[in-house]
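Welcome, and thanks for opening the viewer. Let's walk through this structure together, one selection at a time.

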Amino acid sequence: MTLMAAGRRHSVALRQDGTVLATGNNRAGECSIDQWSAITSVAAGNVHAARNTGRSHTVGLRADGTVLATGWNADGQTEVAGWHGIQRIAAGWRFTLGLGSDGRVVATGRNTEGQCATASWQEVTEIACGDWHAVAVRNDGTALATGNNQRGQCSVASWSGLQAIAAGQLHTVGLRTDGTVVATGDQRSGACEVQNWNAVTTLCAGSQHTVALRSDGMVLATGDNSFGQCNVGSWSKVIAIAAGSLHTLGLLTDGTFVATGSNSDGQCDVTGWMVRD
């Protein structure tokens, strides 16, 4: 279950009653979730921070295994109406993945870089989308990747002992069962500097930053911090996290939210959000 998701210029969060909250830029309809119900997980298009980007999409997994999507659909990334038996969802730039209960992965949207070439994947337990690549964890703890490998972001064949995985614009990070983290891909932003992290329970990746939640409720972040998206050192009592292109979200134990980073479109305007009534 993914309780929150952050895109290029918007944020979404799941409430206990199965409805969804949204804030930020809605020019493509990515925040048009008012009619959604019975949602158990959310995802937001992971869009790189460039001047020619901004439109995104939002995906919701329903309790019955069907999927909803809204927002930018230039490459068919919201065409998920026929999906059934889905247990996990992930959204990248112009593409969407769904993990079925049979361990196989379905994909829709842009496939120019091969990021939707998941038909042969089997025994998958977790999925994630970067901008132009898709990654997954198999039930034996190994990793799969497809798509653009310009910076080595798909070089995960040697990884083992994984329980989760996340992907940014040009990097991939994996969470091991012992709470440590591995990384591959673009080294320039510092998003792969995770070698000393431990006791991690949740991992997420923004465009060029990586965020982790520790078992003690504290949050770690590394990478590009040009908008303060890594300024999470003072956060505590956090139970869930999400990383957008240039911002980071946290859900606290009392059901409220915190946010840091770029707020150019109101994507950090989560004050007053509550998981429950």
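In which loop is the place of E123? Select E123 to find out: this residue sits in the loop between strand 9 (105-109) and strand 10. Bear in mind along the way that you are looking at a predicted model. While you are at E123, check its backbone: phi is positive, about 55°, although E123 is not a glycine. Its relative accessibility is 42%, and because values between 20% and 50% fall in the middle class, E123 counts as partly exposed.

**Next stop: A199**

Now select A199, in the loop between strand 15 (181-185) and strand 16. A199 also has a positive phi, near 55°, and is a residue other than glycine. With a relative accessibility of 25%, A199 counts as partly exposed.

**A hairpin to follow**

Colour strand 7 (86-91) and strand 8 (residues 95-100) next. These two strands run antiparallel and are joined by 5 bridges. Pick R88 and look across to strand 8, where L99 stands opposite. Then follow the chain through the hairpin, which has 3 residues between the strands. Stop at R94, where phi is positive, near 70°.

**Into the largest pocket**

Which residues lie nearest the centre of the largest pocket? Select T2, I127, I165, L203 and C204 to see them. They belong to a lining of 37 residues, and the pocket holds about 850 Å³ of space. Several strands give two or more residues to this lining: strand 1 (4-6), strand 4 (39-44), strand 7 (86-91), strand 10 (124-129), strand 13 (162-167), strand 16 (200-205) and strand 19 (238-243). If you colour the lining by residue class, you will find 28 nonpolar, 7 polar and 2 charged residues.

**Zooming out**

Finally, show the whole chain as a cartoon. You will see 21 strands and 0 helices. The C-alpha atoms fill a box of roughly 45 × 40 × 35 Å along the principal axes. How does the radius of gyration fit a compact globule? For 277 residues such a globule would have a value near 19 Å, and the chain has 17 Å, which agrees. Colour by accessibility, and buried residues make up 57% of the 277 residues.

Terms used:
Residues numbered from 1 in each chain as written. Predicted model: local features only at pLDDT ≥ 70, side-chain atom pairs only at ≥ 80, totals over all residues. Heavy atoms only, no water. 1 Å grid on protein atoms, 1.4 Å probe; cavity = no way out; pocket = protein on both sides within 12 Å on 5 of 7 lines; lining within 4 Å. Points joined across faces, edges and corners; volume = space filled by probe spheres on them. Helix = DSSP H or I, 4+ residues; strand = E, 2+ residues; numbered from the N terminus. Nonpolar A, V, L, I, M, F, W, Y, C, P; charged D, E, K, R; others polar. Pairing = 2+ DSSP bridges. Buried < 20%, exposed > 50% of the residue type's maximum accessible area, 1.4 Å probe, protein only. Rg over C-alpha atoms; globule rule 2.2 N^0.38 Å.
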